[in-house]
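Good morning, and thank you for joining this group meeting.

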Amino acid sequence: MAGRFITIEGGEGAGKSTAQTFLVDRLEQRGLSVVQTREPGGTPLAEAIRQTLLSIEGEAPVEMAELLLVFAARAQHLAKVIEPALAAGKWVVCDRFTDATYAYQGEARGLSSGVISQLEVLVQMGRRPDTIVLMDMAPEVGMARARSRGALDRFEREDAAFYERVRQGYLDRAKLAPERYVVVDAEQDLSSVQRSLDELIKRWFDVS
Ligand code: T5A
């Protein structure tokens, strides 16, 4: 079976990491070789860029610098981790990818989607996720979860309107290409979320 590239998206504290670990476990139980990774990050250099992006210390990047840092990390991650894994027939399950850039840097920060799309073409050379799992929830619910964990990073200190734009940005993208998105109601309890993910896995294997 050929590898697949799955990304998990959503706002702050929407349960992406939890869903990712669940999906990876389930896929491994089926005997698949799976790479679990995240953005920004996934390689030492990309993780260093992540630190810079999330840090609340020192000089904050201007919007365009933030966008270019996100894509610099992505170029490294694609070349070192994602492409080699897919070429070896592995599945890649990534916590956030380019949909996050359209939602955060595009919709929420106000950068042009045309510019993001140009960088997407330049950096990804046609690579796109096969499936995007969008963990959708009201931003205040996710932020309450994020706050309960303690210190907040630079993105977690934005205002409510910013997170509303992020959510809408994601939902708008899912509407444009519904065949590639699976929208999960992330406000459900954990076992209901997991049931939705199990349904998704069944569909992958029924059609493969
Ligand atoms: N970013 C990223 C950009 O601006 N542009 C980009 O292109 C990219 C790729 C870092 C930041 O980078 C920005 C956006 C981000 O702000 P991140 O660390 O991946 O990204 O993002 P966070 O949203 O901050 O990640 P979190 O770890 O905070 O949230 P998760 O992964 O969504 O949530 P998770 O799974 O850790 O769960 C949070 C808590 O809720 C519980 C969990 O146990 C945990 O305690 N939980 C549930 N509780 C009840 N019911 C459920 N169904 C639950 N599911 C999980």
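How many nonpolar, polar and charged residues does the lining of the second largest cavity have? By class, there are two nonpolar, two polar and five charged residues; here Ala, Val, Leu, Ile, Met, Phe, Trp, Tyr, Cys and Pro count as nonpolar, Asp, Glu, Lys and Arg as charged, and the others, Gly among them, as polar.

A note on the source: this is a predicted model, in which local features need pLDDT of at least 70 and side-chain atom pairs count only at pLDDT 80 or more, while totals for chains, interfaces and linings use all residues. Residues are numbered from 1 along each chain as its sequence is written, and side-chain values use heavy atoms, with hydrogens and water left out.

The structure holds two cavities of 30 Å³ or more. A cavity is a set of points, on a 1 Å grid over the protein atoms alone, where a 1.4 Å probe fits but cannot get out, and lining residues have an atom within 4 Å of a point. A volume is the space filled by probe spheres set on the points, which are joined across faces, edges and corners.

The second largest cavity has about 50 Å³ of space. Among the residues that line it are Phe 97, Asp 99, Glu 120 and Arg 180. Two or more lining residues come from each of α4 (98–108) and α5 (113–124); helices (H or I, at least four residues) and strands (E, at least two) are DSSP runs, numbered from the N terminus.

The largest cavity has a volume of about 110 Å³. Of its 13 lining residues, Gly 11, Glu 12, Met 137, Pro 139 and Arg 167 lie nearest the centre. The helix α7 gives the most to this lining, with four residues. By class, the lining divides into eight nonpolar, two polar and three charged residues.

Thr 43 sits in the loop between β2 (34–38) and α2 (44–54). Is Thr 43 buried or exposed? Thr 43 counts as buried because its relative accessibility is 7%, where buried means under 20% relative accessible area, exposed over 50% and partly exposed in between, with a 1.4 Å probe and protein chains only. Its side chain reaches the backbone nitrogen of Ala 46 at 3.1 Å. Beyond its neighbours within four places in sequence, Thr 43 is in contact (heavy atoms within 4.5 Å) with Gln 76, His 77, Lys 80 and Val 81.

Technical notes:
On a 1 Å grid over the protein atoms alone, a cavity is a set of points where a 1.4 Å probe fits but cannot get out, and a pocket is an open set with protein on both sides within 12 Å along at least five of seven lines; lining residues have an atom within 4 Å of a point. A polar contact is a pair of N or O atoms within 3.5 Å; within protein, one must be able to donate a hydrogen and the other to accept it, and residues adjacent in sequence count only if both atoms are side-chain atoms.
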